Amino acid sequence: MALSPSLNRAVIDRYQIKDPRAGTVQPDPALDDLAGAVESAEQAAQEIDAMAATISADRTRTAQDNAVRVRAAATSIGQRGVARLDSALERTQAEIGRLTASTWAPAQPRNASEESRAAELRSVLRTMEPEDRAAAIAGRLAAGDDQFLSAVLHADPLLLGMSDVSHASVRDRWRRQKFPVELGRIERLGKAVDAGRRSGLAFVAHVEAHANSQPARLAEIAAKAAADAVAIAAAGNRA
């Protein structure tokens with residue numbers, strides 16, 4: 001059975017940072033972990049295919065018996081592959097969360113004096129005309145005044161007389177100015193997570209193609225019918 005192109009670690013490795021001159025890849029534990037999980041899922045899919053071929057070639061069993069054995073093997077191998085991929089996705093998402101939290105805003109005021117100054121700044125900004133307020137914030141962004149921007153970014157937009165969109169724009173500009181490398185990594189990890197999810201869906205579909213084949217479904221129907229017949233017979237005997 002042909003494997004989906006999504007079951008290839010290259011769909012994750014493409015988000016690694018590469019040095020074109022040296023031909024080397026910058027290590028990234030989160031991406032390495034996720035790429036390894038996708039590669040493991042690919043190997044698990046190949047193992048299921050090989051196992052299915054071996055079992056199906058057994059002429060000492062009926063086709064339905066073999067289908068049941070294939071289902072059991074595919075389900076067992078599939079569960080291990082899914083568990084590995086899910087764990088890697090969770091760890092990558094946790095790393096995105098950690099990076100997002102650490103780049104979300106400047107440090108908060110460290111003492112009462114700094115908190116008082118932040119409150120004063122917010123009060124002044126709230127009374128300014130929108131154009132003047134935007135110019136003042138842009139100037140402090142250009143100057144890299146983190147104490148001023150802490151007062152802005154740790155406040156509710158309403159306290160500043162700003163809209164949510166304007167406030168979010170200031171945060172985005174500050175983050176991109178202050179943490180370009182980290183934000184680039186967040187973006188790459190997010191795309192890798194999306195690719196990893198597609199890999200997971202492709203792997204599950206591959207497992208289900210073996211586990212829910214027509215012979216397997218027919219065997220399940222036959223087994224249920226036999227169990228029902230036994231139950232009916234037992235009930236008749238008791239009567």
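How many helices and strands does the protein have? The protein has 10 helices and two strands, where helices (H or I, at least four residues) and strands (E, at least two) are DSSP runs numbered from the N terminus. The model is predicted, so that local features need pLDDT of at least 70 and side-chain atom pairs count only at pLDDT 80 or more, while totals for chains, interfaces and linings use all residues. Residues are numbered from 1 along each chain as its sequence is written, and side-chain values use heavy atoms, leaving out hydrogens and water.

Along the sequence, the elements follow the pattern α-β-β-α-α-α-α-α-α-α-α-α. Of the 239 residues in the protein, 34% are buried; buried means under 20% relative accessible area, exposed over 50%, and partly exposed in between (1.4 Å probe, protein chains only).

| Residue | Relative accessible area |
|---|---|
| Gln16 | 9% |
| Trp174 | 3% |
| Phe179 | 19% |

Gln16 lies in the loop between helix H1 (10-13) and strand E1 (18-19). The side chain of Gln16 makes a polar contact with that of Asp32 at 2.7 Å; such a contact is a pair of N or O atoms within 3.5 Å, and within protein one must be able to donate a hydrogen and the other to accept it, residues adjacent in sequence counting only if both atoms are side-chain atoms. Leaving aside residues up to four places away in sequence, Gln16 touches Val25, Gln26, Asp28, Leu31, Asp32 and Arg188, contact meaning heavy atoms within 4.5 Å.
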